[in-house]
Amino acid sequence: MLVALAANLVIAVAKAAGGLLAGSPALLSEAAHSVADSMNEVFLLAALRRSRRPADRRHPFGYGKERFFWSLLAAVGIFVMGGCFSFYQGVEALRGGAAEELGGYVAGLVVLGVALLAEGASLLRALYQVRHQGGSRGLRDPALRTVVAEDGTAVLGVTLAIAGMVLHMATGQVVWEASASLAIGTLLVYVAYRLGREARDQLIGEAADPEASGRIRALLQAQPEIDSVEALFTMKTGLDSALVAARIDLVPGLDSERVEEVAVRIKRSIAHTVPEARQIFLDVTDRPAQEARESPAATGERGGA
């Protein structure tokens, strides 16, 4: 991420200078794109630092969701600073036209060529990190996923800008470069939408991976003291942490001490089988007792264990 931030800062300055010199709407759109990416890297660095804080009284489930919050801000930044500005540049070019001198044209293409190399190197570095962290599993990290999306979009955006400038100078028609700006804007809005939707799902309480939930349910159903699993709820509380809550009916005839022993053993088994299950709550009920008074017997304390 530090590599991506450094690359984006250098590229943003170069694109802005080249865009002003050339009067190129496509190049200025890419400059706005790089500025948005730079701001987003700062957001994501804040997310990495803040999400590592330990749980406290105010946030008993920890700060893992900080990553999701800052990823949402990054998506908003891509939409506003990148997508909207690119649309503005495209529309203004269509309305007023644009005239580029040969010197500005050459300077702009040189800047974009350097940017393409830098963005490509940053993308390769991000993809290497994804592979190092387990491929698709690495993309579960919203910070790393955002970096990959930004770098991939940057490479495609620079390619569109180069094509727009070349066609503009070859034909004398500004519509090509304006179209490139609009295409860059559309691309950024789409990426922002996808990243924002994923961050939203995680912030409002996304369930743990189906594979992990399946392992937990199978473990519960395999316990001889459990008659049935009435409900199982999971929720991601961070990148590598999840909350597990289960409502289970026990076989008849277990006394309170035995119920407590069973609950403790089950919780330890779940934590061993699914390491990301950091908080585990069991609503343990004995079916006859439930039918008699409709109140769950708690293990450890009333309402759960």
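Me: In what order do the elements of the chain run from the N terminus on?

Reply: The model is a predicted one, in which local features need pLDDT of at least 70 and side-chain atom pairs count only at pLDDT 80 or more, while totals for chains, interfaces and linings use all residues. Residues are numbered from 1 along each chain as its sequence is written, and side-chain values use heavy atoms, with hydrogens and water left out. From the N terminus on, the order is α-α-α-α-α-α-α-β-β-α-β-α. The chain has 9 helices and 3 strands, where helices (H or I, at least four residues) and strands (E, at least two) are DSSP runs, numbered from the N terminus.

Me: What makes α3 roughly antiparallel to α6?

Reply: Two packed helices are described by the angle between their axes and the distance between the axes. The axes of α3 (residues 66-96) and α6 cross at roughly 165° and come within 7 Å. Axes are lines fitted to C-alpha atoms, for helices over the stretch in contact, and angles run from 0 to 180 degrees between N-to-C directions. Angles under 35 degrees count as roughly parallel, over 145 as roughly antiparallel, 65 to 115 as roughly perpendicular and the rest as oblique. The angle is roughly 165°, and therefore α3 is roughly antiparallel to α6.

Me: Which classes of residue make up the contact of α3 with α6?

Reply: The contact has 20 nonpolar, 11 polar and no charged residues. Here Ala, Val, Leu, Ile, Met, Phe, Trp, Tyr, Cys and Pro count as nonpolar, Asp, Glu, Lys and Arg as charged, and the others, Gly among them, as polar.

Me: Why is Arg-95 called exposed?

Reply: Buried means under 20% relative accessible area, exposed over 50%, and partly exposed in between (1.4 Å probe, protein chains only). Arg-95, in helix α3, has a relative accessible area of 68%, so it is exposed.

Me: Why does Ala-118 count as partly exposed?

Reply: The relative accessibility of Ala-118 is 26%, so this residue counts as partly exposed. Ala-118 belongs to helix α4 (residues 102-132).

Me: What makes Ile-270 buried?

Reply: Ile-270, in helix α8, has 1% relative accessibility and therefore counts as buried. Buried residues make up 45% of the 305 residues in the chain.

Me: Which residues touch the most other members of the largest nonpolar core?

Reply: Such a core is a set of buried Ala, Val, Leu, Ile, Met, Phe, Trp, Tyr and Cys residues joined through side-chain atoms within 4.5 Å. Among its 21 residues, Ile-216, Leu-220, Ile-226, Ile-248, Ile-266, Ile-270 and Val-284 touch the most other members. Two or more residues each come from α7, β1 (226-238), β2 (241-250), α8 (256-273) and β3 (277-286). The largest share, 5 residues, is from α8. Another core, of 17 residues, lies apart from this one and includes Ile-11, Leu-112, Ala-115 and Leu-195.

Me: Why is the pairing of Ser-241 and Thr-237 called a polar contact?

Reply: A polar contact is a pair of N or O atoms within 3.5 Å; within protein, one must be able to donate a hydrogen and the other to accept it, and residues adjacent in sequence count only if both atoms are side-chain atoms. The side chains of Ser-241 and Thr-237 are joined at 2.9 Å, so this pair falls within the limit of 3.5 Å. The side chain of Ser-241 also reaches the backbone nitrogen of Gly-238 at 3.2 Å. Ser-241 lies in strand β2 and has a relative accessible area of 13%, so it is buried.
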